[in-house]
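Q: Could we go through this structure together, a piece at a time? I would like to start with how the strands pair up.

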Amino acid sequence: MRGTPVIAAVALGCLLVLPGTRLNATEIAFQILHEFGPGSGPQFPLGTLIEGEDGQFYGISRDGGTYDKGTIYRITPQGSPTVLHSFDGITIGGPNGIAQAGNGDLYGFARDSFTFDTILFRFRT
């Protein structure tokens, strides 16, 4: 189902995805699709990924991006990420949580860097 969280976890900077197959009690199947490391890409992904209406996956990261204050990113099913937005930390930083509306826009929470209040943001895809 599109727009819903997928089974994924981030461990030691790796994205681990359990395939949508049936597993018996003794099997654990996963594949490392991308390692989130240093650079301008997303770092320290937060929460779960969502599968967008376009079949791509979307997520947020605590660090990384142009200003190293977090990102909204898209990642292909093959594991290739693209930063869609870099939080600057001056006005907004600390993204936390993401969801996709029926029109394709992404919504999430972040921190107002001046007041430290939680804000709701929208990102048009």
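Q: Which residue in E7 stands opposite Ile75?
A: Ile75 stands opposite Pro81 in E7, where the strands (E, at least two residues) and helices (H or I, at least four) are DSSP runs numbered from the N terminus. This is a predicted model, in which local features need pLDDT of at least 70 and side-chain atom pairs count only at pLDDT 80 or more, while totals for chains, interfaces and linings use all residues. Residues are numbered from 1 along each chain as its sequence is written, and side-chain values use heavy atoms, with hydrogens and water left out.

Q: And how many bridges join E6 to E7?
A: There are 5 bridges joining E6 to strand E7 (residues 81-86), and the two run antiparallel; two strands count as paired if DSSP finds at least two bridges between them.

Q: What about the hairpin, which residue there takes a positive phi?
A: That is Gly79, whose phi is positive and near 100 degrees, in a hairpin that has 5 residues between strands E6 and E7.

Q: Is Gly79 buried or exposed?
A: Gly79 is buried, with a relative accessible area of 7%, where buried means under 20%, exposed over 50% and partly exposed in between, using a 1.4 Å probe and protein chains only.

Q: Which residues is Gly79 in contact with?
A: Leaving aside neighbours within four places in sequence, Gly79 is in contact with Leu33 and His34, contact meaning heavy atoms within 4.5 Å. The C-alpha atoms of Gly79 and Ile32 are separated by 8.4 Å, although these residues are 47 apart along the chain.

Q: Back to E6, then: where does Thr71 lie, and is Thr71 buried or exposed?
A: Thr71 lies in strand E6, which covers residues 71-75, and Thr71 is buried, with a relative accessible area of 0%.

Q: Which side chain does Thr71 join in a polar contact?
A: The side chains of Thr71 and Ser61 are joined by a polar contact of 2.6 Å. A polar contact is a pair of N or O atoms within 3.5 Å; within protein, one must be able to donate a hydrogen and the other to accept it, and residues adjacent in sequence count only if both atoms are side-chain atoms.

Q: New topic: in what order do the strands of the open sheet come?
A: The open sheet has 3 strands in the order E8-E9-E10, with antiparallel pairing. Its edge strands are E8 (92-100) and E10 (118-123), each of which pairs on one side only.

Q: Which residue in E10 does Gly108 stand opposite?
A: Gly108 stands opposite Phe121 in E10, and strands E9 (residues 106-112) and E10 pair over 6 bridges in the antiparallel sense.
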